[in-house]
Amino acid sequence: MTSTSAHSEGAELGRYLRARRTQTSPEHVGLTAGAGIRRTPGLRREELATLAGISIDYYVRLERGKETRPSPAVLGSLARALHMDDQEHQHLRELAARAARYAPEPPPAPSRTVRPHLKLLLESLRPNPAYVISRSMDMLAWNPGGLALYAGLNDWPAKHRNLARYLFLHPAARDLFADWDRQITACVARLRAVAGTAPDAPDLTNLVGELLLKSPDFSRLWERYEVTGRKPAHKTFQHPQVGTLTLTSQSLQVEGTPGQRVGVYTAEPGTPDHDALLLLDMTAPPAAGPTQRDAARRQN
């Protein structure tokens with residue numbers, strides 16, 4: 001176990017604390033900002049240390065990645081001082097646990113293989129758009145509507161289809177979502193939460209590196225280090241083929257897989273939104289992806 005790996009893991013914990021500190025105003029935690037201009041955005045280090053009941057020297061070591069074994073009590077005090085919610089507090093604990101382990105080797109990228117029964121499940125959900133995505137939001141399998149719902153995504157090669165990449169880099173994404181700003185904020189928060197506990201995983205680092213390079217919007221949100229973006233229960237799509245439709249979204253973790261999830265969109269039968277889903281399913285390309293190719297092979 002090298003000191004370099006230890007510093008890397010502790011640095012991720014420090015980055016998260018620093019991001020939360022600089023985005024927490026003195027007024028939010030009951031402090032008086034005082035007269036004059038504050039050179040530090042948010043709380044000062046000494047203010048946070050005082051609120052958490054720890055020494056300023058200890059907190060500075062935490063933020064600089066030199067202290068990697070904070071106790072649960074210290075983590076709890078910091079979470080309370082920063083008014084973290086349950087999800088943010090859990091992320092803090094996960095980062096601290098990883099920093100203490102000093103994982104010396106980056107983990108391999110998870111398998112992209114989708115089990116055959118999951119592909120059959122996607123077919124059975126038609127006309128509801130459905131797909132399987134990886135932890136880094138790669139689209140691994142889909143039914144016709146699942147791909148067609150994201151207008152223009154079919155233009156990209158299958159291995160390039162990633163929902164985060166689509167939101168930030170595909171020209172059709174801004175037109176598809178009226179609340180595009182809300183969508184990208186939730187997307188980055190999700191990636192931040194995953195990457196925080198697996199910062200060296202190649203599937204995550206490659207995607208994040210690409211988006212940092214190509215998208216100023218992604219870079220801005222990534223620096224905020226928010227991990228609690230809420231995925232809206234309802235999404236409105238301004239689809240170029242079937243018009244505007246509002247759908248209920250559901251994401252389900254697939255047991256026994258490396259972070260794969262099934263995403264499904266539904267609409268109440270008999271509504272205009274459901275009629276639009278039927279039209280989308282009927283007009284989607286018949287060879288939309290692996291699911292359809294596998295079905296064709298079984299029939300031959």
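Across which strands does helix α13 lie? In this predicted model, local features need pLDDT of at least 70 and side-chain atom pairs count only at pLDDT 80 or more, while totals for chains, interfaces and linings use all residues. Residues are numbered from 1 along each chain as its sequence is written, and side-chain values use heavy atoms, with hydrogens and water left out.

Helix α13 (residues 272-283) lies across β3, β4 and β5 and runs at about 80° to β4. Helices (H or I, at least four residues) and strands (E, at least two) are DSSP runs numbered from the N terminus; axes are lines fitted to C-alpha atoms, for helices over the stretch in contact, and angles run from 0 to 180 degrees between N-to-C directions.

The five strands form an open sheet in the order β2-β1-β5-β4-β3, with antiparallel pairing (two strands pair if DSSP finds at least two bridges between them). Strands β2 and β3 (234-239) stand at the edges with a single partner strand each, so one side of each is left without a neighbour in the sheet. Strand β4 (residues 243-253) is joined to β5 (residues 261-266) by six bridges, and Ser 249 stands opposite Tyr 265 in β5.

Leu 149 is located in the loop between α7 (144-148) and α8 (163-169). This residue is buried, with a relative accessible area of 0% (buried means under 20%, exposed over 50%, partly exposed in between, with a 1.4 Å probe and protein chains only). Leaving aside neighbours within four places in sequence, Leu 149 is in contact (heavy atoms within 4.5 Å) with residues including Phe 237, Leu 247, Tyr 265 and Leu 280.
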